[in-house]
Amino acid sequence: MPGPRDPMSVPNPRSIIIDTDPGQDDAVAILLALSVREALRVEAITAVAGNVPVAQTTANVVRICDLAGDTTVPVHRGAETPLLVPLHTAEFVCGPDGLAGGDFAAPSREPTPGNAVEAIVSILRAAPDGGVTVCALGPLTNIALAIRLAPDILPKIASIVFMGGAMNLGNITPAAEFNVFADPHAAAIVLGCGRPMVMMGLHMTLQAIATHEAIAAFAATGTATARTINGMLTRPRPGGLGSVGHPMHDPCVIAWLLWPDLFGGRDCHVQVETSEGPLRGRTTIDWHGRLRLPANVHVVDTVDAPTLFDRIFARLAALP
Ligand code: BDR
Ligand code: CA
């Protein structure tokens with residue numbers, strides 16, 4: 001039953017922009033967002049280089065929209081490279097096209113004309129103050145560029161909910177989580193932007209692992225979406241990534257908007273290490289307030305994973 005804080009019970013959908021680098025877990029996040037039209041209005045999906053280069057992440061966004069039966073959400077191609085560091089992709093995790101294990105067709109359409117950064121700026125400029133929530137599922141390059149290009153958009157942002165960073169060990173290096181490592185300078189700009197930030201870090205998203213039983217039950221629905229998700233989530237993953245199973249990092253961003261009751265966390269001061277070396281991309285989270293600096297991020301640290309996946313799969317069952 002929807003609770004009082006459940007946006008499923010709210011008549012007006014919340015406007016969001018999804019910035020993403022699909023990636024299997026990005027795909028599940030986008031599918032989830034497209035399955036809850038009554039709660040979320042997806043103003044645009046903007047692609048960034050990350051798991052794979054941006055030409056491929058852009059094509060992947062269209063392939064994911066096609067699977068969801070969506071032909072109308074604008075899909076914009078964004079930054080080709082991080083702000084200052086060289087591009088570092090993760091085909092060794094996601095496969096050569098970023099969506100290994102999935103059963104996606106070739107993209108049905110070209111990306112929408114106009115660069116992702118310009119699209120973010122123009123959507124935000126047209127919005128009322130606090131009118132759009134930015135959902136960041138990849139390196140923060142596009143969002144940092146939009147903030148630098150047009151700081152007047154900042155009041156229009158309700159919040160930036162991002163998957164990135166880690167309180168404990170990293171996944172791409174011992175110190176760093178992939179999205180922040182991939183563009184640490186962009187992460188530093190976004191974390192310093194002064195708007196409300198919500199951090200879905202690795203310490204929490206590694207708790208969000210769908211069980212084989214839950215995946216199998218969803219697969220039994222027999223839809224194209226279920227077949228594809230089953231293929232992606234049961235695919236063997238490279239070892240040493242800190243979990244068994246396939247963690248659903250990015251869907252936590254969308255789930256936070258839908259079901260905040262499933263998550264716990266606290267406001268903290270968070271800093272990003274931008275210098276080269278073993279700590280590049282490290283997020284230092286002042287969980288106990290030792291530095292006595294103002295909090296800039298709501299850091300999420302717990303999730304009720306069984307309920308999360310019950311709810312995610314119930315929504316995804318409505319897709320083709
Ligand atoms: C993040 O990195 C990517 O590989 C995933 O899509 C997720 O956004 C996890 O570190
Ligand atoms: Ca991602």
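A polar side-chain atom of Asn 51 comes to 2.6 Å from an oxygen atom of ligand 1, a polar contact in the sense used here, that is, a pair of N or O atoms within 3.5 Å, where within protein one must be able to donate a hydrogen and the other to accept it, and residues adjacent in sequence count only if both atoms are side-chain atoms. Glu 177 also takes part, with a polar side-chain atom 2.4 Å from an oxygen atom of ligand 1, and in the side chain of Asn 179 an N or O atom is found 3.0 Å from an oxygen atom of the ligand. Taken alone, ligand 1 exposes 280 Å², of which the protein buries 94%; accessible areas come from the Shrake-Rupley method with a 1.4 Å probe, and for residues only the protein chains shown count as cover.

The model is predicted, so local features need pLDDT of at least 70 and side-chain atom pairs count only at pLDDT 80 or more, while totals for chains, interfaces and linings use all residues. Residues are numbered from 1 along each chain as its sequence is written, chains are lettered from A and ligands numbered from 1 in the order in which they are written, and side-chain values use heavy atoms, with hydrogens and water left out.

Which residues surround ligand 1? The shell is made up of Asp 25, Asp 26, Asn 51, Leu 137, Met 163, Asn 171, Glu 177, Phe 178, Asn 179, His 249 and Asp 250, where a residue is near a molecule if one of its heavy atoms lies within 4 Å of it. Sorted by class, this shell has three nonpolar, four polar and four charged residues, with Ala, Val, Leu, Ile, Met, Phe, Trp, Tyr, Cys and Pro counted as nonpolar, Asp, Glu, Lys and Arg as charged, and the others, Gly among them, as polar. The space taken by ligand 1 is the largest cavity; on a 1 Å grid over the protein atoms alone, a cavity is a set of points where a 1.4 Å probe fits but cannot get out, and a molecule sits in a cavity if more than half of its atoms lie within 2 Å of its grid points. The elements that give two or more residues to the shell around ligand 1 are α1 (24-34) and α6 (178-182), helices (H or I, at least four residues) and strands (E, at least two) being DSSP runs numbered from the N terminus.

Thr 20 belongs to strand β1 (residues 14-20), and Thr 20 counts as buried because its relative accessibility is 0%, where buried means under 20% relative accessible area, exposed over 50%, and partly exposed in between (1.4 Å probe, protein chains only). Asp 21 lies in the loop between β1 and α1 and is buried as well, since its relative accessible area is 1%. A polar atom of the Asp 21 side chain is 2.8 Å from the backbone nitrogen of Asn 51, a residue whose own side chain contacts the ligand. Pro 22 and Gly 23 are joined by a cis peptide bond, with omega about -5°, and Gly 23 is placed in the loop between β1 and α1.

In helix α10 (residues 224-233), Thr 225 is buried at 0% relative accessibility, and its side chain reaches the backbone oxygen of Pro 320 at 2.8 Å. Ala 217 lies in helix α9 (residues 212-219) and is exposed, at 51% relative accessibility; its C-alpha atom is separated by 9.8 Å from that of Asn 230, 13 residues apart along the chain.

Is Arg 292 buried or exposed? Arg 292 counts as exposed because its relative accessibility is 76%. This residue lies in the loop between β9 (283-285) and β10 (297-303), and has a positive phi of about 55° although it is not a glycine.

Terms used
1 Å grid on protein atoms, 1.4 Å probe; cavity = no way out; pocket = protein on both sides within 12 Å on 5 of 7 lines; lining within 4 Å.
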